[in-house]
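Start with the interfaces, then go on to the single chain and a single residue.

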Amino acid sequence: MKRQVPIIITFLIGMIMIFSFFIPPLEGLEQTCSLFFDVIAVFAFFLGGGNLMRIHVNKLRRRKKDWGFSIVTLGGFFIMLAAGLLKIGNPGGIAASPTTEGSLLQEIFTYVFLPLQSTMYALLAFFVASASYRAFRAKNREATILLIAAFVILLGRTPFGMLLTGWIPESFSVLQVPNMAIWIMNSPNLAGQRAIMIGIGLGVISMSLRLILGIERTYLGDESA
Amino acid sequence: MLDAAFSIPLVALSDIGRVISLMFIGAGLLWILIRSLRAKEVDRRIVFLFIFIAVAAPILFPITFQERATLIVRKVFDKVESLPAGSKVLLAFDFDPAMAPEVQPMADAISRHCLTKGHNVIFMTLWATGQALLTQSLERVVKGEFPENRDGVDYINLGFKAGNENVLNIIVTDFRMMFPTDVNGVPLDSTSIFDDVRSCKDLDLIISIGGGKPGVKEWVLYVGDRVNVPMGAGVAAVVAPQLYPYYPKQLLGLLGGVKGAAEYESELVRQYPHLEERGTPGLRMMGPQTLAHMVIMAFIVIGNISFFISRRRERKR
Amino acid sequence: MRRSTIIVMAMVFGLFILSWIFRSTSLASVQEHYLIGGLKVTFSAFLTLAILSFLYKDNPFYKFAEHLFVGISAAFWMSMGFWTTIVGNLIPRLSRSLSEFFQVPYQPGSYNFVYFIPVILGIMLLMRLSSKYGWFARWPLAFIVGTFAGLNFVRYLRSDFIEQVSATFVPLLVNWQGVGHFISNFSLSASGQFVAIVGNWVIFLGVICGIIYFFFSKEHKGAFGAASRVGIWILMITFGASFGYTVMGRISLLVGRITFLFRDWLNLIS
Amino acid sequence: MSSHPMTSRPLYFIILSFLFTFFPSCGGSSIALAQAEPIDIATTQMIPDSEQVVVEPVTSLIAADHKYDDGGMIDLSWVPSIDDQLVASRVIGYKVYRIEDEGEPEMISELAPGSNTYNDQSVERGKLYSYFVSTLSINAETPSVRTAPIEPQREWLNYELLNVLIMALVLGGAVIYFIETARRGKKLFVRKIAGLEAVDEAIGRATEMGRPILFIPGILDMDDVQTLAALTILGRVARIIADYDTKIFMPVSRSLVMTAGRETIKASYQAAGRPDAYSDDMVTYITDEQFGYVAAVDGIMVREKPATCFLLGAFFAESLILAETGNSVGAIQIAGTARPAQLPFFIAACDFTLIGEELFAASAYLSGEPKQMGSLKGQDVGKAIAMAAILIGILTVTIGDAWNVEWIQNITTGLVDVFSTR
């Protein structure tokens, strides 16, 4: 039960998904499976919420380090839940979209969630700067190539590249930095990305096959089987 | 290097703020360079401060540049432009607030373009956080700028559904199975925009705007390659290079990052000058971008100079 | 708590109140609920600065923002998933009375009972929260893994393997009309024949050498080793291009945040 | 709109439709040509004839079964009215009418001027449909002739995707074959991967410094290949850690990864003979939200100050945030991901980076499991096929293009057909 059933489920569903690609009458079944997946995906969100609650309640109960902040997490969680799940403060009532303009959910989203998430992401701008100062160094041949390519693209992506090299005549125009940047993107970048894409594509294909055939079972948590 | 290079636009700009901030940045970089030459560590917080100033200064004292659309961007523009009015265009807002500063300008520009051309636009998103952003965009761009357009006739908002790729896998053959109603609970059958649309096959153009997963790649894999509907994309700069292998066969064009948005906006404004007053955030963002790029390039150069100096010193020992 | 901590706390609190007052007075003429409006903007600005303060060093304000974010985001995803998919897609297929309660159009169908399957699997997934019956969650997990593996198998095969191979069939002699024509029209123009030819050669050699670099079951020696070395160079150009391209995106994120601070909070720009 | 075969091969279809019109019983009539039948539809409006703008009807209307579906579609195509011009057109659009089982005509769609195809997706098997298209002017409607009744057909195999099926069998076969070979005990070769030796060294360093090791398995769930590869490497890392008695800390962003991570570490501790040293606290779940997770991991990094960070798995924007924060606390960092967009940052900011597929190869190399070694070898077969095809394809395209050699161009066309699905 614990091991065999999951392997059979993976096999059956995987096969349906593969063969419906080639056999048109199976398409309906594939669609239904996809819809099932979408529903289960929502339960996974609930699982995430449940886990979060469990961890922070535990932290509170055991008075672990920084337990005070767990109150903040749980507070935010329940307020958002009330606003979202119960649609409290939604002017349109139960039938309206949860993100109706002016609803409590949309307000919390705009004034709390949005600044938090986008500032977290904006930290990247700083880290890019410090990484370029600290880490992008011509340590060896490979690093030098990376650096030069990065430099040309950086220059070519701003109006500055044109300002610097715009004087180069048309018959040598590939030497203008913006054109050089476009050329790098269209030729070597494309080649490298395609090589990576083919390699990873094959990796995904063989992994999928191993999962469907039950050869790969790490996701079930038992190494021995 | 920086001051000399900026002397060209500076002649025309008399704003003192700009001059002072540029001088400040230039002097600061010089100071970092000198410190690096003496092989002294520069604290990363100073680096952070510099990038903050380099971005903040041009926001306070705007610097603007002209842009010209590159081929890969123009192809998306031309496609939207060449479709007859009333064509069905699907715009997928697959991004969250974190990515929004980067891709919202192109989402707005493409929405404006489609509505100006009179296309029927279907909005949707695969990101839960995208729906809240979509609500904001619709309020601002669609309802704010095109009040004559009717919901369900000229445009429709389908909103978010959970399931990532599986959502795409269903709408590729049947919209109604996945979206029985639009975001406001209106059944699709009662909207005229969906009269002729059963699946993605019936669309004339799909433009996915995103930058993460699920995003443009999933659209290509699950929809674009399956139904042969022309697909355009607008993405955060970080994923643009890895989508190049799909261009031009699997994606007709690609807008990468704010520069892509700025190029699209410049093309849009050239074609429809009255849209300029609606705002060109992409073009405006190019000022801070340029300055920050210069600072980052300076950092790379300084970092390498100090690296070579310290290496030479080590060798001497 | 140390005294300096208390002073900093008090200062931040004071500034917060100050900002609230200023913001509210400036909103008083435009908004009805100007006090709440002022609080909202001030609070977002506070959160923005709290996260940015991490750049200086870890501190309680950052911790507060971090923990708040974790709680809010989990609940946000739950709410969205519930209303859009459970209420939007599942309930209309399961129950007429629930559909009426949630005011969604009921979709009768003779095979609708199958939609109990995802509900059961979903509940099994939630059993993971219990340590005793946690193994039940393997069933829905197997379903998830099976769906993804099946879908990805064919789609990656088509889009990322088969299509990519034929997309690489580029002519190595673009617009070839003989050597004489080539020499007489030779130029380094970006749209010229020579640049196009070099570009296609780079695509050809780059893809082949790149794949060779990722060839694991053969020792990289001799010609194979040389090709793999060219492969890593091509990959390095690719990564360099990626880096150069990405910097712009990362900067725009900061532009977005600073614009918020300057425009919505401090009213410095319009 | 999808272009269907009739527009590209009219002659072929006209001959076929001719055949089917005369021998409707042969092989399931799937194509119906317009027949001259009178249509009684109230199109004439109460406008004097002199003011009516009468336009020419569409011609060559063909209805055909949509190929390779479940019998739910019929494709229509026609030649637009000669009055349908780009400039000063008198045609304002078309209406498509459908007659189901000889019933009343029903308008199913209105199309823009210039249209010449329509794909009817609302038909059912077992019913007969015929169609006509009428051309609209500003005040009149001119119907075309009606097509013969046609029944949508179901096909059991999508022959357009036959090449994908064959390729799937070849690649799948290669992977399974080599896994079996490896299982039977044949030693398969995997080339050395730079950066792997660093693993032991990095763990040793943490032990010497008495600081913990941080292991981040990416932010995707167990259904992602990269997460699985990361867990395999974790098994190996945990084994060494158990020997050295170093602390490991693994914050994760998915609850399923948490369980799998715990089981993996537990198994390694058991294998090292120290099950008592294991504790569930080594692996903690934080949140599914990407930046919530990043914020928390950043916090952990600066508070715990790990000596070594493993960043292996699927990473997105957080790659650089984590790598730079790790660097600022002085940790040695070993990274690996198959997300091409994040690789430059790892290469720049970390000490060792597994590039793309190297991550999978590393997990195969470390575990030595036949299933991993075998599939690596199987994937190499795929790469060999790709390289060979690219080589031949490029050569034939070049020669065919430059010197117009017809038989070589035919090879190219054939090869493109094999490696294309559009």
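This is a predicted model: local features need pLDDT of at least 70, side-chain atom pairs count only at pLDDT 80 or more; totals for chains, interfaces and linings use all residues.

The interface of chain C and chain A comes first. Here 115 residues of chain C are in contact with 117 residues of chain A. The size of an interface is often given as the accessible area lost when the parts come together. For chain C and chain A the buried area is about 11100 Å², with 82% of it on carbon and sulfur atoms. Three residues, C:Met78, C:Trp83 and C:Phe143, supply 7% of the area that chain C buries against chain A, which is more than any other three residues supply.

The elements of chain C that give two or more residues to the side touching chain A are helix H2 (34-52), helix H3 (60-94), helix H4 (96-102), helix H5 (116-126), helix H6 (138-167), helix H8 (193-213) and helix H9 (222-265). H3(C) gives the largest share of that side, 27 residues. By class, the side of chain C that touches chain A holds 78 nonpolar, 27 polar and ten charged residues. The count of salt bridges between chain C and chain A is two. In a salt bridge between these chains, the side chains of A:Glu107 and C:Lys40 meet at 2.3 Å, N to O.

Chain C also meets chain D. At this interface 59 residues of chain D are in contact with 49 residues of chain C. The two chains bury about 5100 Å² between them, and carbon and sulfur atoms give 74% of that area. Two salt bridges are found across the interface of chain D and chain C. In a salt bridge here, the side chains of D:Arg303 and C:Asp58 come together at 2.6 Å, N to O. Polar contacts between chain D and chain C number 14 residue pairs, with both residues at pLDDT 80 or more.

Which elements of chain D each supply at least two residues of the side that touches chain C? They are H3, helix H6 (255-271), helix H7 (290-304), helix H9 (343-349), helix H10 (358-367), helix H11 (370-403) and helix H12 (406-418) of chain D. H11(D) provides the largest share, 18 residues. The side of chain D that touches chain C divides by class into 36 nonpolar, eleven polar and twelve charged residues.

Next is chain B, taken on its own. Chain B contains twelve helices and six strands. Its C-alpha atoms fill a box of roughly 75 × 45 × 30 Å along the principal axes. Of the 317 residues in chain B, 68% are buried. Among contacts in chain B between residues at least 6 apart in sequence, 75% join residues at least 24 apart.

The domain assignment of chain B gives domain 1 (4-63 + 281-316) and domain 2 (71-271). The centres of these two domains of chain B, taken over C-alpha atoms, are 37 Å apart. Six residues from domain 1 of chain B and seven residues from domain 2 of chain B take part in the contact. The area buried between the two domains of chain B is about 570 Å², of which 79% comes from carbon and sulfur atoms. Between domain 1 and domain 2 of chain B the count of salt bridges is zero, while two residue pairs are in polar contact, both residues at pLDDT 80 or more. On the side of domain 1 of chain B that touches domain 2 of chain B there are four nonpolar, two polar and no charged residues.

The last stop is a residue of chain D. D:Leu188 lies in the loop between helix H3 (162-183) and helix H4 (197-209) of chain D. Is D:Leu188 buried or exposed? D:Leu188 counts as buried because its relative accessible area is 10%, and the cut-off for buried is under 20%. Leaving out residues up to four places away in sequence, D:Leu188 touches D:Phe178, D:Ala182, D:Met373, D:Gly374 and D:Lys377. D:Gln52 is 136 residues from D:Leu188 along the chain, and the C-alpha atoms of the two are separated by 82 Å.

Terms used
Residues are numbered from 1 along each chain as its sequence is written. Chains are lettered from A and ligands numbered from 1 in the order in which they are written. Side-chain values use heavy atoms; hydrogens and water are left out. Contact means heavy atoms within 4.5 Å. Buried area is the accessible area (1.4 Å probe) that two parts lose on being put together, summed over both. A salt bridge is a side-chain nitrogen of Lys or Arg within 4 Å of a carboxyl oxygen of Asp or Glu. Helices (H or I, at least four residues) and strands (E, at least two) are DSSP runs, numbered from the N terminus. Ala, Val, Leu, Ile, Met, Phe, Trp, Tyr, Cys and Pro count as nonpolar, Asp, Glu, Lys and Arg as charged, and the others, Gly among them, as polar. Domain bounds come from an automatic or database domain assignment. A polar contact is a pair of N or O atoms within 3.5 Å; within protein, one must be able to donate a hydrogen and the other to accept it, and residues adjacent in sequence count only if both atoms are side-chain atoms. Buried means under 20% relative accessible area, exposed over 50%, partly exposed in between (1.4 Å probe, protein chains only).
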